[in-house]
Amino acid sequence: MENPQNQPLTVVVVGIGQMGHSHALAYHNNPGFQIIGLVSRSAPKKLTDILKKYPILPSFEEALLLKPDIVSINTHTATHATYAIAAMEAGAHVFVEKPLAATIADAQRVVETAQRTNRKLVIGYILRHHPSWVEFIRQARQLGPPFVMRMNLNQRSSGDAWDIHKRILQDVKNPIIDCGVHYIDVMLQITDSKPVQVRGMGLSLSDELPSDGQVNYGHLQVIFEDGSVGWYEAGWGPMMSETAHFVKDVMGPRGSVSIVMGDNEKAGGSADIDSHTKMSGLRVSTVVDGRPNDRMIYMEGEPSHYELCAREQQFLLDAIRENQDLTQHMMDAIRSLTIVSAVDRSMREKRAIDV
């Protein structure tokens, strides 16, 4: 299944919903890849014309029979571990959307399989490929320690978007688990300190959710060994407020840095997927002679959601072609999932959890 360097790597894309569709476009437009199938159990509701030329496969098992070089997994979280392990056992490299798995044990099984089979495993931590977020983290690190890290991403979803969120909650029960891994990962990149305790709370704000522990609002707090603290909240549904739905800032003894959203990003509202990553600039405030000194940093070529997916897939291609060691990448995915899972436990047991 190994290809010469000048030959494109064959890919099957499993799941062609919102994220799978974006990743499929990234593979289509990158000459390093060749799509050989799209997996969808039912007819896709929306498919860009340029993707319609690819065969639609009804099952994951049928996709593996094509012996692809890469399997791109963009399905609901409950299937991630099973599909990723089966793909690597069949000889394929794997891209899998976050979170890596629904449980820590399953995530560890996926990573162990990647190490044993010597296959590359890339997890969809899209913010790691965003130049503005990279700069946000770099600026934040200059302000402490300790740090105060404040983040949220609430989405006023309705119609099809709310249906998607309700389907995700069947797997993860809590939006903190699905979204929180991104922002815990950011916090861990800002502070080199070890998390020591987490606290969580959550609530169901909809009678459309079953009474099996599903909540559509969650809030977490993390305390770090060096005294740093961080919080993150996530809420989904038509009842969510559009006021302060996107907060990303960090404070330290030497000042603060905040992501500033512009009017263009706000126009789409909190449900607009591009608004989750786009920004108009960074506001940096440093303390000079006891007084705040503010300045703006504007990044050129702010990438769209699709362009970020393209960068993720180029990272995958480079990792395969250059035989990069992805051990730290995989361990970081387990670490952030471990923290949000502890937060979910804290919420349900109504007590702080040491980690």
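Which side chain meets that of lysine 166 in a salt bridge at 2.6 Å, N to O? The partner is glutamate 208. Please bear in mind that this is a predicted model. The pair joins distant parts of the chain, 42 residues apart: lysine 166 belongs to helix α6, and glutamate 208 to the loop between β8 (195-203) and β9 (217-224). With a relative accessible area of 17%, lysine 166 is buried, whereas glutamate 208, at 45%, is partly exposed.

Lysine 166 also forms a salt bridge with aspartate 163, where the closest N and O atoms are 3.4 Å apart. These two residues are 3 apart in helix α6 (residues 160-172), so about one helical turn separates them. Aspartate 163 is partly exposed, at 41% relative accessibility.

The loop between β8 and β9 also holds aspartate 212, which pairs across 39 residues with lysine 173 in the loop between α6 and α7.

I turn now to the helices. Helix α5 (residues 131-141) packs against α7 (residues 175-190) at about 40°, the axes lying 9 Å apart, and α5 is therefore oblique to α7. Their crossing is right-handed. The contact residues comprise 7 nonpolar, 1 polar and 1 charged.

Helices α3 (residues 77-89) and α4 (residues 104-117) pack at about 10°, with axes 9 Å apart, so α3 is roughly parallel to α4. Here the contact residues divide into 6 nonpolar, 2 polar and 4 charged.

Definitions and conventions: Residues numbered from 1 in each chain as written. Predicted model: local features only at pLDDT ≥ 70, side-chain atom pairs only at ≥ 80, totals over all residues. Heavy atoms only, no water. Axes fitted to C-alpha atoms, helices over the stretch in contact; angles between N-to-C directions. Helix = DSSP H or I, 4+ residues; strand = E, 2+ residues; numbered from the N terminus. Parallel < 35°, antiparallel > 145°, perpendicular 65-115°, else oblique. Left-handed = near helix turned anticlockwise from the far one by under 90°. Nonpolar A, V, L, I, M, F, W, Y, C, P; charged D, E, K, R; others polar. Salt bridge = Lys/Arg side-chain N within 4 Å of Asp/Glu carboxyl O. Buried < 20%, exposed > 50% of the residue type's maximum accessible area, 1.4 Å probe, protein only.
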